[in-house]
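Tutor: Let's walk through this one together, question by question. Take a look at the sequence and the structure, and then start asking.

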Amino acid sequence: MKFKIVSKGDERSNKIKATMKHYLSDFDLIYDREEPDLVISVGGDGTFLEAFHRYVHRLESTAFIGVHTGHLGFYTDWTPDEVEKLIIEIAKTPFQTVEYPLLEVIIRAKTGGKEDRYLALNEAMIKTADGSSVVFDVEIKGEHFETFRGDGICISTPSGSTAYNKALGGAILHPSLEAIQITENASINNRVFRTIGSPLILPKHHTCFLKPMVDSSFLIQIDHFTKNYQNVKSIQCRVAQERVRFARFRQFPFWNRVRDSFVAEEDR
C-alpha cells in the first residue's frame, strides 16, 4: 500500500509524521506523494482540509485518516498516544472506508467563458469583498424562492455542519444524509426584503442558484481558502457526485464526536 503524511508543521506534528513514516516504511509500505492509497493528516481539522484539497482529484482512489495534535477534531480520530497502535493497524489490517457527501460549487461569470468548479468538505461562504450586504435572488430547483440581503450565505455539508454553519445557528446533520444546508448570516428583513430566516436543508436532487442582484466583488470561501470574484452571474450549489472516503480501523460514532466536542465535560 502507498501512503502520504500531511503535517500541520509544528514540532509535535512533524515528530509524529517522522515516526509514522519510518515505521510504516519498515513494514514495506511505500511513501508516495503523488498517488497514495491512504493520506494521513497529523494536526487538526485545518490540516485535514489541506490534505483533502491536495488530493481532491483522487477521491475515488485515496482514503483519509487523521491524528489530532491539538483539540479533538471531527476529522481526526486518533490521538498522539495511539500512534503506535495506528501504525500496526495500517500495516496489518485492510482498512474499511466510510463515505461522506461533499458540496459542489460552480461559479459562472457574466462574461461567459470557463466556469470554476470546487468541492468543499466543510462549507462555502459567500460575502462581499468590501463588507457591504450581499443581495441574491435564491432559486431552488429552478424556482425563485426568496431575495436575500444580509452579510452572507453559508452552504455546508453534513460533516461541515458542526463548523461555521453551527455558529450561524444551523442544524447539525448526520453525514449519512446526502444533503446540503443553506444558512443565513445576518439577513435583513423589511418591506422590500423578506427571507425565510431559517436554515434550509436540500436533498441530493435539489440544486440551489444564488444570482447577484447588485454588481459587487465577492469573497467566496471554500473550506480554508478564499478567492475574490467579480462579474458573477450565478453560484450553483448542490450535493456533489463525488464523495470523500475515510479509512476506519475502529468505530467512532458521529454523535460521540458531537458530544465530546460540544457537550462533554473535560474531566469525564
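Student: Is F48 buried or exposed?
Tutor: The relative accessibility of F48 is 0%. Buried means under 20% relative accessible area, exposed over 50%, and partly exposed in between, with a 1.4 Å probe and protein chains only. F48 therefore counts as buried.

Student: Before we go on, what pLDDT do local features need here?
Tutor: Residues are numbered from 1 along each chain as its sequence is written, and side-chain values use heavy atoms, leaving out hydrogens and water. This is a predicted model, in which totals for chains, interfaces and linings use all residues, side-chain atom pairs count only at pLDDT 80 or more, and local features need a pLDDT of at least 70.

Student: How are the rings of F48 and Y75 arranged?
Tutor: A search of the whole structure gives 13 aromatic pairs; rings of Phe, Tyr and Trp (its six-membered ring) pair if their centres lie within 6.5 Å, with planes under 30 degrees apart called stacked, over 60 edge-to-face and the rest tilted. For F48 and Y75 the centres are 5.2 Å apart and the planes are at 20°, so the pair is stacked.

Student: How far apart in sequence are the parts that this pair ties together?
Tutor: Helices (H or I, at least four residues) and strands (E, at least two) are DSSP runs, numbered from the N terminus. F48 lies in helix α2 (residues 45-54), whereas Y75 is in the loop between β4 (63-68) and α3 (83-92). The pair therefore ties together parts separated in sequence by 27 residues.

Student: And what separation in sequence does the pair of F74 and F254 span?
Tutor: F74 and F254 form a tilted pair, 6.1 Å centre to centre with 50° between the planes. Because F74 lies in the loop between β4 and α3 and F254 in helix α5 (residues 254-262), the parts tied together are apart in sequence by 180 residues.

Student: Which residues do ring pairs link into a cluster?
Tutor: F48 is one of them, and Y75, buried at 3% relative accessibility, is another. Ring pairs link the cluster of F48, F52, F64, Y75, Y100 and F246.

Student: Which residue lies over the face of F262?
Tutor: A charge sits over a ring if NZ of Lys or CZ of Arg is within 6 Å of the ring centre and within 35 degrees of the ring normal. K211 lies over F209, at 5.8 Å from the ring centre. Over the face of F262, at 4.4 Å from the ring centre, lies K166.

Student: Which residue in β15 is the bridge partner of V105?
Tutor: Strand β15 (residues 232-248) is mostly covered, with 12 of its 17 residues buried. Two strands pair if DSSP finds at least two bridges between them; β15 runs antiparallel to β12 (residues 208-212), with 3 bridges, and L210 stands opposite I235. Strand β5 (residues 96-109) also pairs with β15 in the antiparallel sense, over 13 bridges. The β15 partner of V105 is C237.

Student: Where is N231, and what is its phi?
Tutor: D223, in the loop between β13 (218-222) and β14 (225-229), has a positive phi near 55° without being a glycine. D223 is buried because its relative accessibility is 3%, whereas N231 is partly exposed, at 44%. N231 is in the loop between β14 and β15, and its phi is positive, about 55°.
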